[in-house]
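Subject: Structure for your files

Dear colleague,

Here is the structure we talked about. My notes follow below it.

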Amino acid sequence: MAIISVKNIKKTFSDNVPVLKDISFDVEQGEILGIIGPSGSGKSTMLRCIAQLESVDDGSIFVCGQPIVQNGKYADKKELRKIGLNLGFVFQNFNLFPHMSVLQNIVDAQVHVLKTPKDEAIAVARKLLADVGLSEKENAYPCELSGGQQQRVSIARSLALKPKVLLFDEPTSALDPELTGEILAVIKKLADEKMTMIVVTHEMSFARDISDKIIFMADGVIVEQGEPKSLISNPQTDRLRDFLKRFNHRETVAGGEKTCETSF
């Protein structure tokens, strides 16, 4: 049974422009699904619908076999809260509490959501900070951290709630290029540990290397999906070929001449 199952979901915002048009896919336990596509393609909206941060107009979403929404009808609030505990969401812009220390940010969710005893929550938080390489920052506040460090704390906070699936919404998009690598390294470590993940990303080579399957979205539909290396190196549609042109060549200056090199 798929751990995430999305069936024929549709979403239109108030301007009556469809954002999601009949989207369907499954994610198996331990699988990493990469989602790529241009801005405005519906990637983040689709992820937010799974996380219950947006509602769908029609279709079904199942998490661990339980329906969040089925044929457009949502489960009751108590059931939605229970199902939601299976999901962790890592935002583009970190969403840490600025008035809390790093340690408090990770402890607070455990105590208030999972009702974990505080001493146990602190022990879990310290282990997770060690895992993401930030043990020395537990007493720091978000404003004292780099963007990459804040995002690592955000990942640790999501993991503290023991989700079965992690959802990443372009986790490096708010970072300077030199800070991107530290976040990708944390996600790669989670992949090695067989954490189930859906990763919306604009890092093409990373999506290719980490994903078990990639979905390419454009204009609210899934245009192509398949095995990462095949999909990226041998796109079947003009739409994907045009999209990849922005990523698969870079200009370098060598001996005073500009040359193109494949970046994948």
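In which helix does K77 lie? K77 belongs to helix α2, which covers residues 77–84. Please keep in mind that this is a predicted model.

K77 is exposed, as its relative accessible area is 65%; the cut-off for exposed is over 50%. Together with K78, R81 and K82, K77 forms a positive surface patch.

Now the sheet. Its 5 strands make an open sheet with antiparallel pairing, in the order β2-β1-β4-β5-β6. The edges are taken by β2 (18–27) and β6 (73–74); each has a single partner strand, so one side of each has no neighbour in the sheet.

Going through the pairs from the β2 side:

- β1 and β2 are antiparallel and share 7 bridges. In this pair, K11 stands opposite L20 of β2.
- Strand β1 (residues 4–12) also pairs with strand β4 (residues 58–63), in the antiparallel sense and over 5 bridges. Here K10 is found opposite D58 of β4.
- β4 pairs in turn with strand β5 (residues 66–70), again antiparallel, over 3 bridges. I61 faces V69 of β5 across this pair.

Best regards

Technical notes:
Residues numbered from 1 in each chain as written. Predicted model: local features only at pLDDT ≥ 70, side-chain atom pairs only at ≥ 80, totals over all residues. Heavy atoms only, no water. Patch = residues over 30% accessible without salt bridge, like charges linked within 9 Å, V, L, I, M, F, W, Y side chains within 5 Å. Areas by Shrake-Rupley, 256 points an atom, 1.4 Å probe, with all protein chains shown as cover. Salt bridge = Lys/Arg side-chain N within 4 Å of Asp/Glu carboxyl O. Lys, Arg positive; Asp, Glu negative; His and termini not counted. Charge placed at Lys NZ, Arg CZ, Asp CG, Glu CD. Helix = DSSP H or I, 4+ residues; strand = E, 2+ residues; numbered from the N terminus. Buried < 20%, exposed > 50% of the residue type's maximum accessible area, 1.4 Å probe, protein only. Pairing = 2+ DSSP bridges.
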